[in-house]
Amino acid sequence: MKIYGVALLAFCFLLGKLIGSLLGQIMQINGDVGGVGFAMLFLILGNAYFKRKGWMVAETQNGILFWSSMYIPIIVAMAATQNVKAALSAGPLALVAGTVATLIAFAFVPLLSKLGNKKEPKKENE
Amino acid sequence: MMELIENLIGKNGLVFGFLLVGLIMLISSWLSKSMTRNKIPGVAIAIIIGLVVAGLGEEKGIASFPIFAGLGLLGGSMLRDFSVVSTAMGADIEKIKAAGLAGVIALFIGVLVAFVMGGIVAFAFGYTDAESITTIGAGACTYIVGPITGAALNASSEVIAISIATGVVKTIITTVSTPLVAKAIGLNNPQSAVVFGGLIGTTSGVAAGLAATDPKLVPYGALTATFYTGLGCLLCPSVFYLILKVFLG
């Protein structure tokens, strides 16, 4: 049943958020630190465990895949609910600072990506 | 009749949101096919349409209008995070492990670079006190790090507002320009997506930018980006502030 997959996803999500919130509390930040990241790791591990046990039948998997296919529409809705007006009207300082910080960070991507590719010789693949 | 429809939509906002986003997706994939011969992905067009309509509203974008409130729920953090987590099904744990160290380094460099760049711009615009520069530098990390840092340092509300706006600008720039620069910065494999998420850090911008570039990369970028705001909240009001304080007095 699809709901088994959705429930597994919900379990991983809440467990990840719980750990993220606890971490936030320890750091005295009123919020969640890496909750989504922990939840993703749990889902990867849970998926592997279910597969090994033979519980991950196609229907269960489809329950999770439905949500991952909803991801892009949700991002579109998120874009439509951003405070674009404030970003544009806060004056040049915010525009310049936000833009410069982003573009410089882009420039670091190729430098650091090489670190991750240490094992295989770096080759351009599409 | 109008009242009836308004009532109906008010009660079923989320469902109306599904309909609206479905229509936006339909229009944008048609535009992508017919106007750009698939050169600009439909997803990227849809996100840009989203940002444009957001500009019509106030703080909550288009959801500032009650009739579109359902979009706020659909695009809110609960469903966003839920669906981002679900994308982990398509992630390969071996590839994450291979990029793990680079991802952690990217997080630290990402927070530092954003802070320094934001700080320099704040200084160039005439701010000279450590509290304001730190707060605006923190805003250049994400729009959450900015106000948390500003509150911790007792920065003025004007400066906190600028720091939030800086973070929102970053999110929007990331969303729009990621597909444009992806090729030039080699953003085409899981390793570079892990690094990208760590360097940029705005979860919504990284998620949207990668979705518009190549949806397969989303889980890898989201995985590291989710730690960025926490790291920023940890470093900006403490270590970074104290270092700045030494220099500026």
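**Exercise 1. Asn154(B)**

Task: Decide whether Asn154(B) is buried or exposed, and say why.

Solution: 
- Step 1. This is a predicted model, and the count comes from its C-beta positions.
- Step 2. Asn154(B) has 9 C-beta neighbours inside 10 Å.
- Step 3. The cut-off for exposed is 12 or fewer.
- Step 4. Asn154(B) therefore counts as exposed.

**Exercise 2. Cover over H8(B)**

Task: Find how many residues of H8(B) are buried, and which helices are included in what covers them.

Solution: 
- Step 1. Helix H8 of chain B spans residues 145-153.
- Step 2. Of its 9 residues, 7 are buried, and the helix is mostly covered.
- Step 3. The buried ones are Val145(B), Gly146(B), Pro147(B), Ile148(B), Thr149(B), Gly150(B) and Leu153(B).
- Step 4. Their cover includes three elements of chain B: helix H7 (130-139), helix H9 (157-181) and helix H12 (218-248).

**Exercise 3. The fold of chain A**

Task: Summarise the secondary structure and burial of chain A.

Solution: 
- Step 1. Count the elements of chain A: 6 helices and 0 strands.
- Step 2. Along the sequence, the pattern reads α-α-α-α-α-α.
- Step 3. Chain A has 126 residues, and 47% count as buried.
- Step 4. Take the contacts in chain A between residues at least 6 apart in sequence; 49% of these join residues at least 24 apart.

**Exercise 4. Chain A against chain B**

Task: Determine which helix gives the most to the side of chain A that touches chain B.

Solution: 
- Step 1. The contact takes 64 residues from chain A and 94 residues from chain B.
- Step 2. On the chain A side, H1, H2, H3, H4, H5 and H6 each supply at least two residues.
- Step 3. H6(A) gives the most, with 20 residues.
- Step 4. By class, the chain A side divides into 44 nonpolar, 17 polar and 3 charged.

**Exercise 5. H2(A) against H5(B)**

Task: Describe how H2(A) and H5(B) cross, and list the residues that make the contact.

Solution: 
- Step 1. Two packed helices are described by the angle between their axes and the distance between the axes.
- Step 2. Here the axes come within 9 Å and cross at roughly 35 degrees.
- Step 3. The crossing of H2(A) past H5(B) is right-handed.
- Step 4. H2(A) contributes Val36(A), Ala39(A), Met40(A) and Leu43(A), while H5(B) contributes Asp81(B), Val84(B) and Val85(B).
- Step 5. These residues divide into 6 nonpolar, no polar and 1 charged.

**Exercise 6. The largest nonpolar core**

Task: Identify the core residues that touch the most other members, then list what Ile75(A) touches.

Solution: 
- Step 1. The largest nonpolar core holds 120 residues.
- Step 2. Met40(A), Ile75(A), Val76(A), Ile47(B), Val85(B) and Ala211(B) touch the most other members.
- Step 3. H12(B) gives the most to this core, with 13 residues.
- Step 4. Leave out residues up to four places away in sequence; Ile75(A) then touches Ile47(B), Ala207(B), Ala208(B) and Ala211(B).

Technical notes
Residues are numbered from 1 along each chain as its sequence is written. Chains are lettered from A and ligands numbered from 1 in the order in which they are written. This is a predicted model: local features need pLDDT of at least 70, side-chain atom pairs count only at pLDDT 80 or more; totals for chains, interfaces and linings use all residues. Helices (H or I, at least four residues) and strands (E, at least two) are DSSP runs, numbered from the N terminus. A residue is buried if 20 or more other C-beta atoms lie within 10 Å of its own, exposed if 12 or fewer, and partly exposed in between; C-beta atoms are placed from the backbone. Two residues are in contact if their C-beta atoms, placed from the backbone, lie within 7 Å. Ala, Val, Leu, Ile, Met, Phe, Trp, Tyr, Cys and Pro count as nonpolar, Asp, Glu, Lys and Arg as charged, and the others, Gly among them, as polar. A nonpolar core is a set of buried Ala, Val, Leu, Ile, Met, Phe, Trp, Tyr and Cys residues joined through C-beta atoms within 7 Å. Axes are lines fitted to C-alpha atoms, for helices over the stretch in contact, and angles run from 0 to 180 degrees between N-to-C directions. A crossing is left-handed if the near helix is turned anticlockwise from the far one by less than a right angle, and right-handed if clockwise.
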